[in-house]
Every structure is written in C-alpha cells, then in structure tokens.
Amino acid sequence: MDINQFLSDRSRLMKASEIRELLKWITEDVISLGGGMPDPSSFPTKEIIEITRDVLSTKPDRALQYGATGGVAELKEEIVRFMGKEGIKIEGPENIIITVGSQEALDIIGRLFINPGDYIITESPTYLAAIQAFRIYGPKIVGVPMDNDGIRIDVLEDTIKKLSGDGKVKFIYVIPTGQNPTGITMSMERRKALLEIASRYDLLVIEDDPYGYIYFGDGTPPDRLKAMDTEGRVIYLSTFSKIAAPGLRLGWVAASKEIIRWFELAKQSIDLHTSTLNQYIAAELLKRGVIERNIPKIKEIYRTKRDLMLQALGEYMPEGVTWTRPSAGMFIWLSAPEKVDTGEMLSIAIKKYRVAYVPGKSFYPNGERHNDMRLNFTYPTPQQIFEGIRRLALAIKEYLSLVS
Ligand code: PMP
Ligand code: G9A
C-alpha cells in the first residue's frame with residue numbers, strides 16, 4: 001500500500017527537526033553539543049516527588065480529572081504573580097492559557113494566524129522548531145538578519161515596506177532574550193523600535209521567552225516586550241522547561257483575553273487541556289517558592305558552563321572562526337570560514353571525532369548560510385565541554401585542510 005496517496009497537502013509540508021533527528025545518532029561515546037537540554041542537576045527532583053505525593057493525597061479528584069481548556073486556575077494565578085515580579089504586568093488569569101510546552105503554542109499560532117501564502121517575519125537565524133511548526137500552515141517566511149543587538153530594525157522596516165504591497169504580513173516572531181540559536185539578547189533600544197514598527201504597520205508580535213527568567217549576564221536584563229506592550233499586540237510565550245523541567249511539558253501564553261479565547265478554541269480540538277496533574281505540581285512549585293529558589297542556582301550553573309565553553313573556544317579554535325558571547329539562553333553560535341559546510345562536516349565530526357553539534361543551515365528560514373553551527377553548553381559536563389570543543393576544533397581543521 002502506498003501511504004503517499006492518502007497524505008494531505010499539509011503533511012507534505014512537514015519536515016523532521018534536525019535537532020530531534022540528531023538525538024537518535026548520539027551514542028555514549030559521542031559528546032553532544034547538539035540538543036538544547038537543560039542540565040539535569042537543575043531539576044528540582046526531590047521537591048517534585050514531595051509535591052506529587054501531596055497533590056495526589058490532597059486533591060486526587062481534581063488532579064486526575066479532566067480540566068478546563070485554559071488551564072488550572074491556581075496555576076494561572078501563580079503565573080500572573082511570577083510574571084509580575086519580573087515587571088510583566090498582566091490583568092489576570094483570563095489573560096493566560098496553559099499549553100503543552102511552548103512548542104504547542106507555536107503550532108497554535110500557525111493554526112490561528114497563517115493562511116497559505118501569508119507573510120510572517122522571523123529573526124534570521126531563528127528557532128528551527130518554530131520554522132518547522134509554522135511551515136505546516138504554508139506561510140512565506142521572511143528572515144531578517146541580526147547583529148549583536150538583535151534583529152536589524154533598518155532591514156526589518158525595509159522588509160515590511162517591500163512586502164506590504166504584496167499581501168498581508170501577519171506577525172513578527174522573535175526570541176528577544178538569549179535567542180535560540182545565537183544566544184543574542186536584543187537591546188532595549190531595538191525592543192522599543194520593534195514595538196513602534198509593529199504598531200505603525202499594525203502587526204502582531206510573538207515574543208518567545210523561554211530564557212528571560214534565567215538571564216545570567218551582568219546587570220539587569222532588558223524589559224520584556226510584553227511589559228512594554230500598550231496595544232495588546234504582543235503574544236507572550238514562556239515555559240517551565242528551563243526553570244523547572246522539560247519533561248513536565250508545561251508552557252503558557254499571555255495575551256489579550258480575546259486572543260486567549262482563540263487559543264482555547266484551537267486547543268480544545270488538539271488535546272482538550274494540558275495534563276491536570278502536572279499543572280497542580282507546577283502551581284505548588286511556584287507557591288512553595290521552589291522555582292524562585294532554583295533560578296539563581298540555574299543561572300550560576302549556566303554562567304559557569306558558558307565561561308568554560310568560551311575559554312575552550314579561545315584555546316582551541318583556529319583562525320577565522322568566530323562565536324557569540326551569550327548573556328542568556330543555552331547556546332553559543334559559531335561561524336566558521338565560508339568554505340566550511342557545517343552540514344557536510346557533521347559526519348566527520350561524529351564518526352571520527354565523536355562530537356556532535358547542530359548545523360546552522362536549518363535555523364535560517366531561507367537557508368542562506370551553511371558555515372555556522374549551534375553549540376549547547378548547558379547539558380554537557382564541564383569535562384565534556386572542554387573535550388568536545390577540542391575535538392570540534394580538530395574536525396574543523398581537518399575539514400579546512402580537505403577543502404583548501
Ligand atoms: N521556543 C524556543 C526558542 C525554545 O528554545 C524552545 C525549547 N528549546 C521552545 C520554544 C520549546 O520549548 P518547550 O516546548 O519545552 O516549552
Ligand atoms: O528536544 C527538543 O527538541 C527540544 C530542544 C530544542 C533545542 O535544542 O533547541
């Protein structure tokens with residue numbers, strides 16, 4: 001039987017995530033600087049065991065029952081408080097929906113806002129699983145280049161002007177703090193300019209913020225776009241994946257009540273609601289201060305690991321290789337000389353040098369560069385970071401000698 005004859009046009013737009021595919025090839029002796037996994041020592045495991053027991057013994061009828069599509073009220077109230085402490089003031093729980101990680105929210109955004117052929121704008125490069133989620137709905141994705149201060153506002157405005165005559169630009173998708181994949185944090189000036197442009201051209205802004213709560217740079221992080229949103233055009237996404245544990249599969253969206261209502265409608269047919277048990281656990285993690293106590297610990301671990309990776313890069317990388325110095329997030333973005341195709345180089349890196357990374361190409365919505373790679377510094381141990389970068393430098397040197 002040929003399954004292809006049955007597939008929808010939409011299914012044909014699906015493409016496997018290079019991150020998820022790569023995970024399959026990682027064996028014990030390969031040092032993976034690929035997948036963006038948190039350091040497991042940052043999981044509040046003991047507290048989760050205790051809380052799970054408490055939740056199941058005090059409210060089994062609610063925790064094990066179906067729940068509202070929008071989410072558990074107690075959790076939404078805790079999130080409003082949690083965001084408020086970070087300067088993100090929203091009216092109340094009606095402005096929140098709990099999702100199965102931020103990844104589900106990205107898919108719902110595609111369903112709600114994208115018609116085939118609509119334009120959407122992203123940073124370039126951007127989170128590859130966001131490209132993967134949006135792509136299914138058939139948009140034309142236009143990437144706007146970044147520099148060390150984030151998305152290039154001059155190019156953004158030119159791009160919007162050019163596209164405006166040619167159909168509707170629906171939204172701008174950005175990861176302003178500790179961007180995935182580059183690690184770059186958008187400056188305050190750019191944030192203000194971005195909102196001003198969104199207002200002038202009447203666009204939605206999707207602010208994907210998994211890393212804002214664990215900013216480990218010097219000084220205070222710039223304000224969230226949502227905190228500066230006076231017109232209700234920012235749809236804010238965050239997640240428990242990096243402040244608690246990704247296995248909980250819990251994220252949330254904060255937006256105007258009207259937008260949240262649309263999210264609820266879309267979610268009803270996807271999965272009815274997010275795991276009730278996990279939502280009660282997360283509510284307690286916030287209520288008991290577990291997450292707030294955990295955050296400084298996570299920042300310290302990630303700052304130390306970032307410094308180690310930067311030190312190793314400085315020590316081992318050959319001339320012509322450059323990289324970012326992130327103040328947040330989980331990744332360093334490395335750019336090799338033009339003649340390096342990091343996709344092609346990956347098999348040398350894995351097979352001969354036993355080190356893996358994510359090739360940069362699939363983070364570009366329009367695939368325009370081939371010589372970058374994303375390096376994760378949160379999951380490997382300190383020894384693996386040093387040894388991994390040493391091996392990676394050998395792979396780059398070998399590849400360079402083959403192509404020059
Ligand atoms: N957005 C970005 C920018 C991410 O880096 C991630 C996780 N790597 C996600 C969304 C999805 O996270 P989750 O579904 O675990 O909340
Ligand atoms: O395991 C995943 O797919 C989540 C990780 C995302 C990333 O590496 O950016």
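Student: Why does the largest pocket lie between domain 1 and domain 2?
Tutor: Domain 1 (9–43 + 293–403) and domain 2 (45–291) both contribute residues to the lining of the largest pocket, so the pocket lies between them. Domain bounds are taken from an automatic or database domain assignment. Please note that this is a predicted model, in which local features need pLDDT of at least 70 and side-chain atom pairs count only at pLDDT 80 or more, whereas totals for chains, interfaces and linings use all residues. Residues are numbered from 1 along each chain as its sequence is written, chains are lettered from A and ligands numbered from 1 in the order in which they are written, and side-chain values use heavy atoms, with hydrogens and water left out.

Student: How much space lies in the largest pocket?
Tutor: About 690 Å³. A pocket here is an open set of points, on a 1 Å grid over the protein atoms alone, where a 1.4 Å probe fits, with protein on both sides within 12 Å along at least five of seven lines. Its volume is the space filled by probe spheres set on the points, which are joined across faces, edges and corners.

Student: And which residues lie nearest its centre?
Tutor: Arg 20, Gln 103, Tyr 127, Lys 242 and Arg 249, out of 28 lining residues; a lining residue has an atom within 4 Å of a point. Two or more lining residues come from each of α1 (18–25), α5 (101–113) and α6 (128–135), and α5 gives the most, with 4 residues. Helices (H or I, at least four residues) and strands (E, at least two) are DSSP runs numbered from the N terminus.

Student: How does that lining divide by residue class?
Tutor: Into 13 nonpolar, 10 polar and 5 charged residues. Ala, Val, Leu, Ile, Met, Phe, Trp, Tyr, Cys and Pro count as nonpolar, Asp, Glu, Lys and Arg as charged, and the others, Gly among them, as polar.

Student: What about the second largest pocket: what is its volume?
Tutor: About 260 Å³. It is lined by 17 residues, and Pro 125, Met 146, Thr 182, Trp 333 and Tyr 364 lie nearest its centre. The largest share of this lining, 3 residues, comes from β4. Domain 1 and domain 2 each provide at least three of its lining residues.

Student: How far apart are the two domain centres?
Tutor: The C-alpha centres of domain 1 and domain 2 lie 25 Å apart. Their contact (heavy atoms within 4.5 Å) takes 38 residues from domain 1 and 41 residues from domain 2.

Student: On to the sheet, then. What is the strand order?
Tutor: The order is β2-β9-β8-β7-β6-β3-β4-β5, an open sheet of 8 strands with mixed pairing. Strands pair if DSSP finds at least two bridges between them. β2 (96–99) and β5 (150–151) are the edge strands, each pairing on one side only.

Student: Which strands pair with β8, and in what sense?
Tutor: β7 (residues 204–208) runs parallel to β8, joined by 4 bridges, while β9 (residues 251–254) pairs with β8 in the antiparallel sense over 4 bridges. Tyr 236 of β8 stands opposite Glu 207 and also opposite Ala 254 in β9.

Student: Is β8 mostly covered or mostly open?
Tutor: Mostly covered: 6 of the 6 residues in β8 (residues 234–239) are buried, meaning under 20% relative accessible area with a 1.4 Å probe, protein chains only. Val 234, Tyr 236 and Ser 238 point one way, and Ile 235, Leu 237 and Thr 239 the other.

Terms used:
Buried means under 20% relative accessible area, exposed over 50%, partly exposed in between (1.4 Å probe, protein chains only).
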